[in-house]
Amino acid sequence: MASFFEELTKSIVGDSSLQGLSPEEKHQLSELKKEIEEEKNIQRSFYIQIGQKYTDLFGNQPHEALEALCSYIAESLEKVRQKEHQIKVIKNSKICPQCEKECDPMDVYCSGCGTDIRQTKTLQGKSTHCLQCQHALVPGALFCSGCGTRV
Ligand SMILES: [Zn+2]
Ligand SMILES: [Zn+2]
């Protein structure tokens, strides 16, 4: 931000149309421009909040003037959802069947709701615990090291 204001001050000092101004006036100008920029930043943050609120409330049935913008947002949200899902698949996470919380593959209980998730398959479709004895399986193992059952 500092460099932006430095640029602003430079542009005022270097502006030939302002040559008749006293240093105080130039300083005032730069202060005013700085304050305007700060207000604009505040406005931007509120515009973003309005946009998010509008999308939450009316994103499914937007005013026709906002249909295109809302559909861009919806598309982008969907892309993020897909990419977040890809991350969960790569991490081989488990999704709790009760509360849908993302859990580590070797977790015994869901950290969100306490459900036993030993028999929940990971997003890569893998079993992490033996069906017979609930023993934790070594990744890639063909037999359970607890009871010898083929897995
Ligand atoms: Zn849960
Ligand atoms: Zn077993």
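Guide: What follows is a set of questions and answers on a predicted model.

Visitor: How many helices and strands are there, and in what pattern do they follow along the sequence?

Guide: The chain has three helices and two strands. Read along the sequence, they follow the pattern α-α-α-β-β.

Visitor: What makes the chain more spread out or less spread out than a compact globule?

Guide: The globule rule gives 15 Å for 151 residues, and the radius of gyration of the chain is 29 Å. That value is well over the rule, so the chain is more spread out than a compact globule. Along its principal axes, the C-alpha trace spans about 90 × 40 × 25 Å.

Visitor: What share of the residues is buried?

Guide: Of the 151 residues in the chain, 8% are buried. A residue needs 20 or more other C-beta atoms within 10 Å to be called buried.

Visitor: What share of the contacts joins residues 24 or more positions apart?

Guide: Among contacts with a separation of 6 or more, such pairs account for 15%.

Visitor: Why is D116 called partly exposed?

Guide: D116 has 13 other C-beta atoms within 10 Å. A residue with 12 or fewer would be exposed and one with 20 or more would be buried. The count of 13 lies in between, so D116 is partly exposed.

Visitor: Where does D116 lie, and which residues is D116 in contact with beyond its neighbours within four places in sequence?

Guide: D116 lies in the segment after β2, which covers 102-103. Leaving those neighbours aside, D116 is in contact with V108 and Y109. D116 and C96 are 20 residues apart in sequence, and their C-alpha atoms are 8.8 Å apart in space.

Visitor: How do you know whether N92 is buried, exposed or partly exposed?

Guide: N92 has 16 C-beta neighbours inside 10 Å. This falls between the limits of 12 and 20, so N92 counts as partly exposed.

Visitor: What is the phi of Q134, and where does Q134 lie?

Guide: Q134 has a phi near 65 degrees, again a positive value in a residue other than glycine. Q134 lies in the segment after β2.

Visitor: Why does Q134 count as partly exposed?

Guide: Q134 has 14 C-beta neighbours inside 10 Å.

Conventions. Residues are numbered from 1 along each chain as its sequence is written. Chains are lettered from A and ligands numbered from 1 in the order in which they are written. This is a predicted model: local features need pLDDT of at least 70, side-chain atom pairs count only at pLDDT 80 or more; totals for chains, interfaces and linings use all residues. Two residues are in contact if their C-beta atoms, placed from the backbone, lie within 7 Å. The radius of gyration is taken over C-alpha atoms; the globule rule is 2.2 Å times the number of residues to the power 0.38.
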